Amino acid sequence: MNATSAYIRSALFLLTALVLHMALFSDLRVLGVAPEVPLAIAVTAGLVGGPERGAIAGFAIGLGIDLYLPTLFGLSALIYTVWGYSVGLLEERIFRSAWWINVLVTAAATAGGLLIYAVLGELLGQANLYTDRLYVVMGVAAAYNLVLSLPLLGLWRWSWPRLLGEEL
Amino acid sequence: MAAGTRTGRSRFTLIFLLLSSATLLTLDARDFEPLQRTEETLTDLISPLQSGADRVLGPVGDAWAGVTGYDELEAENQKLRDELQQLEGQQILDSDAAVRLEALLDQVGLPYVQDIPNVVGEVVTANVGNFDRYSVQINRGSQDGIRNGMPVVTRGGLIGRIDGDPGRGHSRVTLLTDPSFEVGVLAVGTDDVALASGTGHGGPLTVTKGLEIDTEVAIGQEVVTSGVDRSRYPPGIPIGTVTNIDFDEARLVQLLTVEPSANTDNLSFVTVLLYDPLAEES
């Protein structure tokens, strides 16, 4: 598989994930909380592809979802970039992951990412982010993303089938 | 060596992406027009895909809402049954609630809302994230005459306002449940203009300013937009009914709890009133 085909697959995956998130996953709410698919995409990209691809995937999906959020354009992109990169770096240097570690990391990173999003958003003047409800959102979204992580990890491996030791 | 090069490249990529995000944040905070136009174009490009996916997958979301919201639905059914009984009782006294409302509005000299030009829009995106419970996106925009701040209503009354400059074919509506949403109101039959604000998802509106302590207000009384000088809302749009009255003895004002008359959950179509207070004034 050449680099172009890998990039096309990744772009298709990201676009499909964005559309599915808006049309389906955002409606599948428990306690009023929807899965955080874009954040899970960034984190799983970091776990499968390493820091650089995690950062790029996080930036791209973050920009996509920012188009539809009332918060400042670029806020999700900023946080998902950092998160994709950090998780990728941790995976490379510490976890060397078993599948179940990847699943747990996705859940924990989801909760952490939402907390950072709310705190940074409030610091940038966005209202109603850091509220009493935040911890419910973090818990439910983390549980949701724990379930979603396995298919997402599989889909990233499909997008980048021969990653180890190979530069795209 | 190769690993070192890769680490250097990934750090460079990270810095580049962070700077790009920070630039976008800054430009958006400063309402940089070319960026807004680019956002609109991208949204318009994705919109057909999203509408198609919505049509196909919408029933799945509805079914999920039916399953997970069963208790809520049951409670709502009970509430509706109670309201129906009340309405049946009311009907004995007054055969047509709409005529009654019109009569009340006429009494305080408010023009009828439907005289204002309007555009019906479909809600295309509602709550895509977990932090945007107070806004929806509709498929009508500047090409339909929509401008920032215009009131948005449904049959039940006011549900919000257009937030920010709309795109050519879409715009964002901030719902009146948003805690930062404020609207000038008056209780029908009184002259005191007061300020109502949202209290969050599913919550009532509260009136905490402007209603003097000696103004006669009763539970069940209708509350409408005041439409006072330069208000962004025309007068007479139903807001809700008073469900609780309290008094702030220190400030000598009444504190009202107002149950919104329009439901802001599961919106499908809304009407944007093409109302420009400055044009009306001139």
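How many helices and strands are there in chain B? Chain B has 5 helices and 12 strands, taking helices (H or I, at least four residues) and strands (E, at least two) as DSSP runs numbered from the N terminus. The model is a predicted one, so local features need pLDDT of at least 70 and side-chain atom pairs count only at pLDDT 80 or more, while totals for chains, interfaces and linings use all residues. Residues are numbered from 1 along each chain as its sequence is written, and chains are lettered from A and ligands numbered from 1 in the order in which they are written.

Of the 282 residues of chain B, 32% count as buried; that label needs 20 or more other C-beta atoms within 10 Å of the residue's own, with 12 or fewer making it exposed, anything in between partly exposed, and C-beta atoms placed from the backbone. Contacts are pairs whose C-beta atoms, placed from the backbone, lie within 7 Å. Among the contacts in chain B with a separation of 6 or more, 58% come from residues 24 or more positions apart.

Now to the barrel. In chain B, 6 strands close up in the order β1-β2-β5-β4-β3-β12, with antiparallel pairing; a pair of strands needs at least two bridges found by DSSP. From one strand to the next the twist averages 45°, with axes being lines fitted to C-alpha atoms (for helices, over the stretch in contact) and angles running from 0 to 180 degrees between N-to-C directions. Strand β12(B), residues 269–273, is mostly covered, with 4 of its 5 residues buried. On one hand β12(B) pairs with β1(B), residues 118–126, over 5 antiparallel bridges, and Gly121(B) has Val270(B) as its bridge partner there.

Thr177(B) sits in the loop between β5 (171–175) and β6 (182–187) of chain B. Leaving out residues up to four places away in sequence, Thr177(B) touches Tyr134(B), Gly198(B), Gly200(B), His201(B), Gly203(B) and Thr264(B).

The largest nonpolar core has 68 residues, and Ile41(A), Ala42(A), Ile61(A) and Trp83(A) have the most contacts inside it. Such a core is a set of buried Ala, Val, Leu, Ile, Met, Phe, Trp, Tyr and Cys residues joined through C-beta atoms within 7 Å. Two or more residues each come from α1 (3–23), α2 (37–66), α3 (75–95), α4 (99–123) and α5 (134–159) of chain A, together with α1 (2–29) of chain B. The top contributor is α2(A), with 17 residues. A second, separate core of 39 residues includes Val153(B), Leu158(B), Ile162(B) and Ile239(B).

Where the chains meet, the contact takes 40 residues from chain B and 38 residues from chain A. On the chain B side, α1, α2 (33–68) and β2 (135–138) each supply at least two residues, and α2(B) has the largest share, 14 residues. That side divides into 19 nonpolar, 14 polar and 7 charged residues, where Ala, Val, Leu, Ile, Met, Phe, Trp, Tyr, Cys and Pro count as nonpolar, Asp, Glu, Lys and Arg as charged, and the others, Gly among them, as polar.

How values were computed: Contact = placed C-beta atoms within 7 Å.
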